[in-house]
Amino acid sequence: MVNQHIFDSFDMVLSLKQKTINQQFDNLVDVGIIKSTFGLQQIVGPDGKYTFELIDELPKTPQNSCFLGEIRPSVLIESTGQTIIFKLEFTSGTAWFWQGMGPAAQLQEYDMSGWVFSANVNLDLKELELKNNGAHQLLMPGNQPNQQLKIDVKALDQLNHFKEENYSINCLFTNFEDTTLWKFNPSLSSAGSSGDVGLEQFKNFMDFYVRNLQTINNGNPYVLGYFPEAKKVKPNNDIPEILQASGVTYSCFKAAQENDSTLNYLLVTKGGKKTVPPGKFDFDTNWITKPNVHAKMIYSPSNIMTNLILEPFYNQFATKVHTEVAKIIGNAPVGNPYAQAVTPLENGFSYLISNWGHDHQVYQNTYTVAFDEKEDGLYLRFAGLLKMVVYEDVDFLFLEGSVTDTITATWSKNIKLYVDKNDKGQDILAVDTDEAAFINKADDRDFDGPAGKLTEFFEKILDAIDGFLDFLNLDFLTFLTDIFHNIFEVKLNHLSLDSIGNSMGSSTEASIVLPAGDTFFIKSPGCYPYGAITTDLFYKSES
C-alpha cells in the first residue's frame, strides 16, 4: 500500500530499524535484562514421561539430553508483511544429544558455537485476536477444525491496551503460549556437527520451552530468553489523547540493505481511531531514509497538522477577512468550506477561500502553505493573495459616473515547530508563532466622471474602503499572529487541558507533549508533503 494511506486506519506509525532492535538486544544481554546463558535438560517426569527443566549448569555426568550455552538474540526481517524472524544464536556452549536408536543410542557431546534456533513469529495481533475468539480457525497440521487457540492475555494486551512502556524493545516479543503462533524455521536454524538428528532434538527442546512458558521459572513474559518483567513506565497524562496510543499491531518492511529493514508499530490513539482494524498493511516504501536514525515516529495529518493547525487557521482567517470584506461588498460569500478549498501541492497545500465575482465586483482570497525542514525546526510558510474590486455607479439627475477601487494585497507569515523540553523534562513539540510576517498592498482607484462630485456621492463606500485599507496597514499582520495564538492557546487546550505548556519562552505560545519520550530521545521534526509530521528518534539504552 502507499504509505500515506495507513492513516485511513491508524493514527501514528513508529518505524524501528532492524539494526536498532538488534543493537538493543545486545545491550539487554550486556546489562542482564536478557539472561546471557540459556540451558535446558530433559528429565523423566512424575508420570514417567519425558519433560524438560531450565538449568544453570550442566550435570557432571549427563544422563539425559541437555544443553547450556551463551546466547545472543536477534531478529531478521526477511520479507514485507506481518512475520518477523526471531533468532537465538549460541556464541558458545555444550550440548549432549542422543545419537542412535534404541538400546544402542548414546549421549554425544557437541560444541554449540554457531548454533542457531530461528522461528517465524506472527505479529498480526488483530488476526491472532480473531482466531483466539473463534472468529477464524487456524488451519495448520494438528489443529482440529473447531479448536480455539490459547493465547495468553499478555500477547493481546497491546492490541487494545497499549501503554507507554510498550514502546520499549523489552516488550517487543510478548508471551505467545501456543506453539501454533510461531513456526520453526529450519532454513535459518543450525545445530552444527550434530546434523539433522541434533537439529530435531534442538527443535523439540525449544518447542517445549515456548509451549510451557507459564510453568517455567515462575512465568516468562516474553518469547525466548526474557526473564524479568518489563520496566514499568508511569503513565504520562500530559500527552494529549489524540497522541496517546491505545492499541497496536505490526507490519514489517524488507529493505534492500538488511539493517535498514524496519518493524513498524501501527498505532491507534484514545482521541483518534481508538481500535485496531483487521487487515494486512504492507508498505511499499521505507519510512526511514536517514542513515543514522534509530527510529521514526509519523503522526497522521488529521491528528496534528490538519486538525490542530491548518484547518483552524483556515476557518479563522476566512471568517475574519470576510467580515471585513462584507462591510464593503455585502453580498460577497464567506467562501468554500475547508475540504473544498484545499488542494495538495508538491510540498504543502493551496487554499482557495473565494474566487467570487458579480456585477463588476470581485472577492478573491487564496493562499498556500509550504513545509520547509531546517536544522532548527520545521517551518510552515504561509503566503497569500487577497484581491477585492469594488464598483459603484450613479445616474442621478445631473450626476453620472462610477468608481472602481481595486485592492490587491500579498502577504506571508511563518511559524516554526521544533522539539524541546518543558520544565518537567518531557519532550515537547513546541511552536514559535512570532516568526516574521510581511504584507505588500496596492490600491488603484479609478473614477469615470467628475471625481470631486463622485467622491462626495460615494463617501460612505469610500470610507469603508479606507477602513479596509487601515485593516491591512495596521491590523493584518497582528491578526495573523493572533490566529496562531488562539489556535495554540484555545484549540489545543480544548483537546487536552493537561497537554499544553504555555509561556515556554518569549516567542513560544504552546507545546504538545509527545509520546515515547521515556524510550527515545526525540529530535528533528519534519513533514511529508501531505501533512504527516515526523520526528527522528534515538533509543535510550537500558542501563
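Keep in mind that the model is predicted. Across the chain, pLDDT averages 82, and 82% of the residues score at least 70.

**Confidence along the chain**
- Helix 6 (residues 338-341) comes out highest, with a mean pLDDT of 97, while strand 19 (residues 508-513) is lowest at 64.
- Residues 174-179 have pLDDT below 50, and the model gives this stretch 33 contacts beyond near neighbours in sequence.
- Residues 217-230 also stay under 50; here the model has 51 contacts beyond four places in sequence.

**Helix 1**
- Helix 1 covers residues 18-30, which makes 13 residues.
- At 1.5 Å a residue the helix should span 18 Å, and its end C-alpha atoms are 19 Å apart, so the two agree.
- After helix 1 comes Gly32, with a positive phi near 90 degrees.

**Gly272**
- You'll find Gly272 in the loop between strand 10 and strand 11 (295-299).
- Gly272 counts as partly exposed because its relative accessibility is 24%, which falls between the 20% and 50% cut-offs.
- Leaving out residues up to four places away in sequence, Gly272 touches Asp11 and Ile242.
- Gly272 and Asn303 sit 31 residues apart in sequence, yet their C-alpha atoms are 7.3 Å apart in space.

Methods
Residues numbered from 1 in each chain as written. Predicted model: local features only at pLDDT ≥ 70, side-chain atom pairs only at ≥ 80, totals over all residues. Heavy atoms only, no water. pLDDT = per-residue confidence, 0-100. Helix = DSSP H or I, 4+ residues; strand = E, 2+ residues; numbered from the N terminus. Contact = heavy atoms within 4.5 Å. Expected span 1.5 Å × (residues − 1). Buried < 20%, exposed > 50% of the residue type's maximum accessible area, 1.4 Å probe, protein only.
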